[in-house]
Every structure is written in structure tokens, then in C-alpha cells.
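Welcome! Please take a moment with the sequence and the 3D view below, and then we can walk through them together.

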Amino acid sequence: MFKIGLGTDIHRLTEGRKLIIGGVDIESDLGADGHSDADVLMHAAADAVLGALALGDLGSHFPSNEERWRGAPSSQFLAHAVALAAEKGYTVVNFDSVVDLEKPKLRPHIDAMRSNLAAVLNVEIDQVSVKAKTGETVDAVGERRAIRAQAVVMMSKSA
Ligand SMILES: [Zn+2]
């Protein structure tokens with residue numbers, strides 16, 4: 001039994017915030033705005049896992065107006081989604097994602113993101129793909145107003 005899940009996320013870029021993507025703290029003049037640590041990739045990943053099991057979206061599990069999630073590391077959102085899936089007998093087969101960011105270049109950080117995601121998804125790093133794209137100077141991403149991520153996950157039920 002296989003199930004596929006899709007997740008997307010977008011955060012506004014602003015000065016005076018950290019830029020954390022896939023659990024990696026990246027040096028940048030602009031950071032991601034948001035209630036938690038605003039990790040766009042962890043959020044998209046958690047939404048994908050929740051989506052595979054039709055468990056609703058991230059906001060319904062972690063309301064952004066709750067004080068306890070302020071500045072929270074977003075890996076815990078993904079860990080929660082993975083735990084819910086495991087309760088239903090599902091584990092991750094593979095994960096693929098795209099992060100849209102104009103700059104800085106993410107290539108030097110891709111393997112660290114994959115490693116962080118693999119640890120939370122309970123899989124090996126070769127089951128986790130993270131790709132980076134720019135916005136080609138157009139639209140919210142290209143004009144450095146936003147960072148966006150998309151993720152898909154395949155899950156299977158063992159036995
Ligand atoms: Zn988010």
C-alpha cells in the first residue's frame with residue numbers, strides 16, 4: 001500500500017530574521033518571517049507527510065497563534081507528522097523537494113539539508129532529494145520578497 005503526499009509553503013523575506021532552510025542556518029542579509037523558525041522546507045515536508053495520510057495541514061496541527069510555537073524549531077513539526085504516520089503503520093519511501101530562493105546560492109548547503117531531513121524522516125540520505133532554484137529575477141521569489149518550497153513524499157505501509 002503506497003500513499004503520496006504534496007506540501008508547499010511560502011514565507012516573506014525580511015531583514016532582521018534568520019534564514020533557516022531544512023534545519024540549516026544560512027548566512028543571508030534577508031531572513032524568513034514567521035511565527036516559528038520559519039523553515040519553509042521543513043514546513044512543506046511536514047505538509048507532504050500529513051497530506052499522504054490525509055491528516056489535514058500543518059496549521060491545523062500547529063496553530064500559528066499559539067505562543068508555544070514561537071521560534072520553535074520546525075523539525076519538531078515534521079517529527080510530529082512522521083510519528084502520526086508511523087502510528088498508522090506508514091514509513092517514508094522517498095522524499096523530493098524544490099526550494100525557490102533568489103540568493104544566496106543553496107548548493108553548498110543541500111547535503112546538510114538532506115541529512116537533517118533524513119534524520120527526521122527516519123530514512124537514509126539517498127532517499128531524500130533537495131533541489132534549489134532561483135526565481136530568474138521575476139515574481140516574489142525573483143524580487144527577493146519571498147522564499148518558497150514544494151515537497152512530495154511517497155510512503156508505504158509495511159506488512
Ligand atoms: Zn511555513
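Two residues are said to be in contact when they have heavy atoms within 4.5 Å of each other. Please keep in mind that this is a predicted model.

## The nonpolar core

Let us start with Leu78. Leaving out residues up to four places away in sequence, Leu78 touches Met42, Ala45, Ala46, Val49, Leu117, Val120 and Leu121. Leu78 also belongs to the largest nonpolar core, which has 49 residues. Among the residues with the most contacts inside this core are Leu78, Leu117 and Leu121, together with Ile21, Ile147 and Met155.

Which elements give two or more residues to this core? They are the strands β2, β3 (24-26), β5 (90-100) and β7, along with the helices α1, α3 (75-87) and α4 (110-121). The largest share comes from α1, with 10 residues. As general background, nonpolar side chains in soluble globular proteins tend to be buried together.

Helix α3 also holds Ala83. Ala83 counts as partly exposed because its relative accessibility is 38%, a value between the 20% and 50% limits.

## The zinc site

Which protein atoms are the donors of the zinc ion? They belong to Asp9 (OD), His11 (NE2) and His43 (ND1), which lie 2.0 Å from the ion. Along the chain, the donors follow the spacing D-x1-H-x31-H. His11 sits in strand β1 (residues 2-14) and His43 in helix α1 (residues 40-52), so this pair ties together parts that are 32 residues apart in sequence. Both histidines, His11 and His43, are buried.

## Salt bridges

How many salt bridges does a search of the whole structure find? There are six. As a general point, side chains of opposite charge can pair when their charged atoms come close.

One of these bridges joins the side chains of Lys131 and Asp96, at 2.7 Å from N to O. This pair links distant parts of the chain, with Lys131 in strand β6 (residues 131-133) and Asp96 in strand β5, 35 residues apart. Lys131 is partly exposed at 36% relative accessibility, and Asp96 is partly exposed at 26%.

Another bridge is formed by Asp100 and Arg148, whose closest N and O atoms are 3.5 Å apart. Here strand β5, with Asp100, is linked to strand β7, with Arg148, across 48 residues.

## Loops and surface

Arg144 is in the loop between α5 (139-142) and β7. Why does Arg144 count as buried? Its relative accessible area is 18%, and buried means under 20%. Leaving aside neighbours within four places in sequence, Arg144 is in contact with Leu13, Ser28, Asp29, Leu30, Glu102 and Lys103.

Gly16, in the loop between β1 and β2 (19-21), is exposed, with a relative accessible area of 78%. From Gly16 to Val138 there are 122 residues in sequence and 24 Å in space, C-alpha to C-alpha.

Finally, Ile4, Leu6 and Val152 make a nonpolar surface patch of about 290 Å². Val152 lies in strand β7 (residues 146-157) and is partly exposed, with a relative accessible area of 34%.

Note on methods. Residues are numbered from 1 along each chain as its sequence is written. This is a predicted model: local features need pLDDT of at least 70, side-chain atom pairs count only at pLDDT 80 or more; totals for chains, interfaces and linings use all residues. Side-chain values use heavy atoms; hydrogens and water are left out. Patches are made of residues with over 30% relative accessible area and no salt bridge: like charges are joined within 9 Å, nonpolar side chains (Val, Leu, Ile, Met, Phe, Trp, Tyr) within 5 Å. Accessible areas come from the Shrake-Rupley method with a 1.4 Å probe; for residues, only the protein chains shown count as cover. A salt bridge is a side-chain nitrogen of Lys or Arg within 4 Å of a carboxyl oxygen of Asp or Glu. Helices (H or I, at least four residues) and strands (E, at least two) are DSSP runs, numbered from the N terminus. Buried means under 20% relative accessible area, exposed over 50%, partly exposed in between (1.4 Å probe, protein chains only). Donors are N, O and S atoms within 2.8 Å of the metal (3.2 Å for Na, K and Ca); water is not among the atoms, so sites may look incomplete. A nonpolar core is a set of buried Ala, Val, Leu, Ile, Met, Phe, Trp, Tyr and Cys residues joined through side-chain atoms within 4.5 Å.
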